[in-house]
Every structure is written in structure tokens, then in C-alpha cells.
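Here's a quick briefing on how this one is put together. Have a look at the model first, then read on.

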Amino acid sequence: MDRGFRAGDVLNWLSVVAMIAALYLVFLYAPTEATMGHLQRIFYFHVSSAWVGFFAFFVTLLACIAYLHSRKRDWDIVAFSSVEVGIMFTAMAVITGSIWAKPTWNAWWPWQQEPRLILVTILLLVYLAYLMLRAFLEGEEQKARFAAVYGIVAFASVPLTFWSVRWWQRLHPVVFERQGARLTLPMLATFLFCLLAFTILYFALLLHRTRLAKLTDEVEALKKALRFREGV
Amino acid sequence: MNSGNKVLTIVWKDVLTELRTKQMLGAIFVFVLLLIVIFSFGFDLRVDNVATVAPGMLWVTFAFAGTLELNRSFSAEIAEARLDSLLLAPMERSTIYFGKMLGNLIFISAIEALVLPIFSAVLNLNLIRPVLLLTIFLGAIGFAAVGTLLSAIAVNTRACEVMLPVLLFPIVLPVVVSAVKLTAGILDGLPWASLTHWLRLLIGFDVIFVVLSYMTFDYVVES
């Protein structure tokens, strides 16, 4: 427990410093983009949160497989903690994306015209279903086992949806073209640093969420023991 | 008995139960009729060319009817504690999966076979074409493949009737997307060459989902 605590402290401070540095880079260091102006600055946080969202769901996949192999409660905790953190980051990507899309595409969420938006929508739905499944199941072991199976099937299905919609788009005229502008070196550096900062933040949040889950387990175990003693 | 026979035994058990009780197919058939009525009023006089809405109507109907059928698939087994005896039988878990999956496929196909002539009549559109039948059957395979797995999960939850579509629809989306595109292409009379890649995609998704469900089913029914 103690060692986890220290790792948590380190990650806390690292993410605070990294986020402040990222804010500095995004708003003061990175040059203003020629055509989109300041609006483009949202790109750094938008892509970073989308990346962390995908990464979080990938961690869930690994944790699900590891759980089915080892049947260790720890892997189950990692799996659902990562889903919760991942949903938060994906939602952040949606919100920042909408703020960018409204002035650029003149629509908040033109999801049927753009495969990436469909991908994100399906991701959110699938992992909300994952959390719902857990909420509607009883018994820790059953919960973990079924959720692990669903986590694996869900992760396999999402790219297929993306792929099929991509194919669909190819038959249609492309409505929205990705901006062709290349990133200049300072922009690229800012972007890469933001990716790093968000990834550190992800690990910090994941660590806290898993610690919370373990503490909840402990409290449950203590309550049970107490009830048992009172019963006797 | 080899495993092929065992699979067929499970299929036959489900078919026989249904033939004797005639509960599910009858109820779902009436449900589908009502869906068609709602659709016809929903689109009535507002759509010039019914072929543009037909793919959507068809696949929404199949998805709803399929979900009802899949819900029954395992809830009946649980209700009479038949699943436990099934699990005690000396056979691989994957045999149970393929047995249940084939049974579901037969029932879903039966419902679709009942529905298609009615849709053809109501929409005044010839839907009974070999390629379209193939598309619908391939869609049903994908649906039954994931549906059987998720139905075995959902049946353990509280409010399982709601849980199954919530779990199933986002997962089975690739199958639905390609099936709808294929159906629309066929109804629009597009040249066959422009549709083959959708057909290949649909078959690919079916294979992926059957393999994936087969591989994970063991973990679902292990207790």
C-alpha cells in the first residue's frame, strides 16, 4: 500500500508540472496557425485526449485478457478503472472537437459524414454498455468474468465498424477534408509534449482509480467481517 | 456421438421445443406485423420511392425481431434450470455454443422468411431475389454469432431484456452497416461488380464474429 502511495505522489506532481508546461507550450510557445488562427490551438488537447481515450481502452483489452488467464481481481480493477478514465478522455475529445467543428464545419457534431466521429460515438456507446453490464450483474467473480469477455469482443468490434464506415465513405464524395496544413517543428514539439502530458495524467488517474477500488474492496471485506462478528 | 451429432442434438432439442410450444415464433411474428404497421404509417405518403427506406425498415425489423428471439434463447434454459443439465452433459462448451447458435440462426431465418413476403406486398417491391436472400442470411449469421454469446451473458443480469440490445447493437454494427449497404445496393439495381466488396466484407465480419464468440464462450458458461 505504501509503495503505491509514493508512486501516486510522484505521478501527481509529474502530471501537474507536465500539464502546466503543456498549457505554456500551447498558448505561448506554439506559433499561431496561418489559416485557422488561434482556433487551431485546441488541436493539441483534442488529439491528446482522443489518443489517451484509445490507449485507455487498449489497456482495458489487455487487462481483460490478463484477467481471464490469471483470475486475479487486480486485473479486473485495472480493466474497469481504465474504462472509466477512457470514457472521460473520450468525452473530452468530443467536447473539444465540437468546439472546433462548429466554426470550421458549421456543425457541432456532423457524425454521419466523418468516419472518425462515428468511431468515437461507437466507442462511447460500447464502453457505456460495458459499465452498464457491470452495474446489472451481481457477484464480483461473475461481474469480472462477463465484463472481461465483453471487453474483448467490444475492442475487436470497434475497428471493424470504423473500417466498414471508411469503406462506405469511399463510395461517397468526401464532405470534410482534413486540413492539409503540415505541422511546423514548434507545433510538432508542442503536440508531442501534450501527448506525453496527457499520458502521464492518464496513468495518475488510473492509479488513483485502482487504489480507490482496492480501498472499496477492503471496506467491503471489513463490513462483512463486522457483520459476521455481530451475528455471532 | 461425434461433436457434429452433438451440435445437431442441441439444435433439434430447441427446434422440437419450439415446434411443440409454438410460443416464440408466433409472438415474434405478431410483433413484426405490428412493426410493419407502424412503419407504413410512419412513412406513409411522405416517401416517393419506397426502395430508399426499405433497407432501413428491413434491418430495423430484423434487429428487433432477432433480439427478441435471442433473449428467449437462454432465458428459457435458465427458467427451467435446463442450462445446468446441458452443462453437465459430456461435451465441449464450444459444442453448446454452436448448437445454440445454429438454433438461433434457424429461428431468425424462419422469422425473416415469414416477414419478407409481407414486406414485399406492403412495399410493393420484389424482395425475394437470390442475392438479397443471401445478404439477409449472411446478416443473420453475424447476428446469431454474437447474439448467442451476449445472450448467454445478458441472461445473468437483472433486467436482461433491456441488457441484450444495449450489449448487442454496438457490437454487431459492422454486420448491420455492411448488410444495409448491400441491401440498398441490390434494391437500387447497382451493378454486381460494385457490390462484391460489401459481400466479401460481410462474410469476413461473419467469420470474425463466429471465431471470436466461439473463443470466448467457454468463459461465459464455465460455472
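**Chain A: fold and contacts**

In chain A, 77% of the contacts with a separation of 6 or more are between residues 24 or more positions apart, a contact being two residues whose C-beta atoms, placed from the backbone, lie within 7 Å. Bear in mind that this is a predicted model, where local features need pLDDT of at least 70, side-chain atom pairs count only at pLDDT 80 or more, and totals for chains, interfaces and linings use all residues. Residues are numbered from 1 along each chain as its sequence is written, with chains lettered from A and ligands numbered from 1 in the order in which they are written.

- Chain A has six helices and zero strands, taken as DSSP runs numbered from the N terminus (helices H or I, at least four residues; strands E, at least two).
- Of its 232 residues, 34% of chain A is buried (20 or more other C-beta atoms within 10 Å of a residue's own, C-beta atoms being placed from the backbone).

**H3 against H6 in chain A**

- The axes of H3(A) (residues 73–105) and H6(A) (residues 185–231) come within 9 Å and cross at roughly 135 degrees; axes are lines fitted to C-alpha atoms, for helices over the stretch in contact, with angles from 0 to 180 degrees between N-to-C directions.
- Val85(A) and Phe89(A) are among the H3(A) residues that meet H6(A), whose side includes Leu205(A) and Leu206(A).

**Where B touches A**

- The contact takes 22 residues from chain B and 25 residues from chain A.
- On chain B's side, H7(B) gives the most, with 10 residues.

Key:
A residue is buried if 20 or more other C-beta atoms lie within 10 Å of its own, exposed if 12 or fewer, and partly exposed in between; C-beta atoms are placed from the backbone.
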